[in-house]
Amino acid sequence: MRLKVIIFFINVLTVIQVSAQQTDLVQYVNTLQGTNSKHELTRGNTYPTTALPFGMHTWSPQTGRNGDGWKYQYFKDKIRGFQQAHQCSSWSRDYAVFSLMPMTDRLVVNENDREAKFSHDHEVAKPNYYKVQFDNQITTEISPSERGAHLRFSYPKGKKGFLVLDGYTGISGVKIYPKENKITGFVNNGEGFKEGFKNFFVMQFDQPFKAYGTWENKKNTTRANETEANGVGEGAYIEFKEGTVVQVKVASSYISMDQAWLNLNRELGPDRSLEATKAKAAAVWNKSLGKVLVEGGTEADKATFYSCFFRASIFSRKFYELDANGQAYYFSPYDGKVHQGYMYTDTGFWDTFRAQFPLNTLMHPEMHGRYMQALIDAYKQCGWLPSWSFPSEAGSMIGNHAISLLADAWAKGIRTFDPKEALAAYLHEATNKGPWGPANGRDGWKEYFQLGYVPYPKVREATAKTLEYAYDDYCAWTLAKMTGNDFYANIFERQMYNYKNVYDPATRFMRGRNEDGKWTPKFDPFEWGGPYTEGNAWHYQWSVFQDINGLIDLMGGKKNFTAKLDSVFTEPNTVNVGTYGGMIHEMTEMVMANMGQYAHGNQPIQHMVYLYNYGGQPWKAQYHARRVMHQLYDSTENGYPGDEDQGQTSSWYVLSALGFYSVTPGSGEYVLGSPIFKKVTINLENGRKFVIEAPANSAQHVYIKSASLNGKLYTANFIRHSDMVNGGVLKLEMSDQPELKRGLAAEDMPFSLHKAQ
């Protein structure tokens with residue numbers, strides 16, 4: 001026994017020493033960032049996630065009722081449970097949820113009555129560790145593993161200690177093993193699952209049960225001394241001796257109960273105390289966050305950067321597990337069968353194709369490569385490429401953006417999939433409409449093919465769909481061109497220019513038009529909805545990711561183009577609610593931002609500031625990128641200008657803080673802006689480093705006066721992915737005055753289908 005104790009402490013010390021040798025970046029992360037949100041106004045719609053990078057499960061305190069999308073709201077002062085969670089957004093329901101809630105004095109199972117009051121002064125929210133002390137003096141602590149968590153409940157001395165396991169909103173089952181101090185069970189909650197879906201969970205406690213029983217959460221009926229229950233909302237409860245400090249290791253699996261135990265023993269088995277799990281998790285996070293080391297800038301800048309980098313590093317989630325031989329396999333949410341290989345879920349591509357996945361290509365290329373094959377596997381299993389997986393396909397929002405991920409990966413040398421299979425899957429997507437939401441297949445695909453645009457009002461959000469279909473067709477075309485597939489290239493070459501068919505030269509806006517070609521009457525560029533998705537004409541003017549120079553030509557040249565960009569910021573922040581019939585939170589957030597019609601709280605316009613580079617005014621991209629970062633982001637509970645959206649809004653900040661952004665995924669390029677820090681070191685997965693030096697950088701010195709790449713003069717307003725992954729140094733001379741002559745040559749312009757003039 002003494003030898004085991006010695007070995008245990010040696011292991012803990014080893015983990016702590018490794019953590020100490022790393023830069024402590026976890027200290028900068030605030031997982032409460034963006035949690036002060038509600039239906040009417042979102043500052044992120046996040047919850048204080050305790051998890052490992054891209055972990056299969058996350059854990060969170062729960063202030064909202066079971067089934068409430070607003071799982072945790074900062075302005076509330078009572079907690080009713082601690083959940084295993086997977087929620088992408090408050091607008092989408094969670095799945096595979098169960099919760100634990102400690103209480104003292106007496107057993108209370110009703111979720112409304114068992115709430116305990118707390119203060120944020122007694123709350124710690126870090127990626128590797130969550131802690132809160134209730135006003136009743138019970139302390140809860142959580143540290144994560146990839147498929148589980150280590151929890152500790154400390155009850156006040158002399159007070160009874162109860163713990164309630166809540167089976168949440170769907171079917172659940174529990175089994176109590178009093179002599180072994182463990183509970184097993186399953187939950188089946190969420191939407192859109194294939195037959196056979198269950199989340200099997202196991203819990204191992206380190207303290208004996210004084211009393212126990214089962215209960216159900218519809219009528220809140222308790223059944224003392226019962227050890228097993230199955231049905232809707234079934235759960236369990238335990239009583240411990242007075243003043244106990246209880247640790248419980250929890251893990252779960254989508255495959256089987258045996259796999260759940262394997263997950264627990266592999267990930268948490270050696271950890272005799274929560275401190276060991278906490279230290280291991282800190283080491284994992286410091287390694288992940290350490291892929292980018294920043295120097296200079298304020299402490300507040302670092303807190304915002306690493307809090308955003310954290311949030312960008314938890315989506316998409318691993319949906320695979322490791323068998324006894326360490327081989328990856330998974331229960332497929334698409335066909336309800338178990339397959340060998342990797343699977344990922346919990347993301348909506350309408351949001352995340354723009355920055356979150358391009359960031360992953362740079363930071364996590366091996367994982368990204370596995371994800372690309374998983375997309376093809378998902379197509380084979382359900383007949384459609386994913387667009388919004390949660391964890392099965394929902395088809396939410398618009399566009400067929402899986403092809404963006406695939407083309408972008410190939411352009412960046414991540415070639416882990418068969419491009420013929422990808423193109424065949426996309427052609428099926430682009431010429432059919434699936435049974436689920438509007439992004440499952442293609443809404444209005446026949447009209448888009450025949451007319452060259454999606455007609456409005458026959459198809460809702462038709463202009464937005466036309467623009468995004470055209471970009472996706474570009475992605476298919478460029479993947480076909482890169483892989484020598486003329487058949488598919490010829491199909492999509494014409495369609496990638498369809499954006500031109502919804503541009504009205506009279507009003508100089510992208511507009512809705514009907515099947516007869518007539519423009520929608522009574523046009524108001526401030527009107528939201530109708531032919532647009534969660535935006536208006538000012539926002540969708542710029543959704544020509546693949547051909548900004550073609551858009552410039554449509555608008556009458558660079559002078560008109562940049563004047564229109566300027567107008568986005570100088571127009572009043574007027575809102576016409578249009579077909580929405582009332583203010584939605586995206587409208588409120590645009591008004592609050594007070595940057596004219598610039599609505600950074602939603603995705604369609606987030607790339608816009610970088611378009612000045614195409615119009616011959618790169619200094620304005622530098623100015624506005626820094627302005628948006630400074631004015632609309634911080635690391636607090638109010639830290640986002642709108643929905644965070646599965647890592648996208650965070651990834652915009654991370655890329656922009658490094659000094660560039662992915663305007664055209666699929667091109668292999670990033671467009672330059674203005675970095676926040678004096679020095680950034682990107683530690684690449686291939687062992688190389690890419691360093692961005694801007695020694696004169698400051699809040700005032702936001703303009704790039706000159707640049708060099710690996711010691712050679714660099715005048716381009718973009719940088720290639722290949723330049724970065726090969727390693728090197730980009731040195732920027734920063735100034736407080738715009739440099740009006742740098743980067744104006746045609747060869748300095750970023751990628752566009754039409755060449756720069």
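**The largest cavity and beyond**

Author: The largest cavity has a volume of about 80 Å³. The model is a predicted one, in which local features need pLDDT of at least 70 and side-chain atom pairs count only at pLDDT 80 or more, while totals for chains, interfaces and linings use all residues. Residues are numbered from 1 along each chain as its sequence is written, and side-chain values use heavy atoms, with hydrogens and water left out.

Rolling a probe the size of a water molecule over the atoms shows where empty space is left. Here a cavity is a set of points, on a 1 Å grid over the protein atoms alone, where a 1.4 Å probe fits but cannot get out, whereas a pocket is an open set with protein on both sides within 12 Å along at least five of seven lines; a lining residue has an atom within 4 Å of a point. Grid points are joined across faces, edges and corners, and the volume is the space filled by probe spheres set on the points.

A search of the whole structure on these terms finds 7 cavities of 30 Å³ or more. The largest cavity is lined by 15 residues, and N45, T46, C88, R311 and F315 are those that lie nearest its centre. Its lining divides into 4 nonpolar, 7 polar and 4 charged residues, where Ala, Val, Leu, Ile, Met, Phe, Trp, Tyr, Cys and Pro count as nonpolar, Asp, Glu, Lys and Arg as charged, and the others, Gly among them, as polar.

Most residues other than glycine have a negative phi, and most peptide bonds are trans. The bond from F315 to S316, however, is cis, with omega near -5 degrees, and S316 is placed in the loop between α4 (299-312) and β19 (317-318). Helices (H or I, at least four residues) and strands (E, at least two) are DSSP runs numbered from the N terminus.

The crossing of α4 with α18 is left-handed, a term used if the near helix is turned anticlockwise from the far one by less than a right angle, with clockwise giving right-handed.

Helix α18 (residues 648-658) has a further contact, with helix α17 (residues 618-632), at an angle of about 130 degrees and with the axes 10 Å apart. That angle makes α17 oblique to α18, and α17 passes α18 in a left-handed crossing.

The strands come next. An open sheet of 6 strands runs in the order β18-β30-β31-β35-β32-β33, with mixed pairing; two strands pair if DSSP finds at least two bridges between them. At the edges stand β18 (292-295) and β33 (712-713), each with a single partner strand, so one side of each is left without a neighbour in the sheet. Within the sheet, β30 (residues 679-683) pairs with β31 in the antiparallel sense over 5 bridges, and N683 has K689 in β31 as its bridge partner. The hairpin of β30 and β31 has 5 residues between the strands, and there G687 takes a positive phi near 95 degrees. Strand β31 (residues 689-693) also pairs with β35 (residues 728-735), in the parallel sense over 4 bridges, and the partner of F690 in β35 is G728.

Another open sheet has 7 strands in the order β1-β3-β4-β9-β16-β13-β14, with antiparallel pairing. Its edges are β1 (58-62) and β14 (221-224), each of which has a single partner strand, so one side of each is left without a neighbour in the sheet. The twist averages 20 degrees from one strand to the next. Strand β9 (residues 161-166) and strand β16 (residues 234-240) pair in the antiparallel sense over 5 bridges, with I238 in β16 as the bridge partner of L163. In the loop between β9 and β10 (171-177) lies Y168, which has a positive phi of about 70 degrees although it is not a glycine.

Conventions. Axes fitted to C-alpha atoms, helices over the stretch in contact; angles between N-to-C directions. Parallel < 35°, antiparallel > 145°, perpendicular 65-115°, else oblique.
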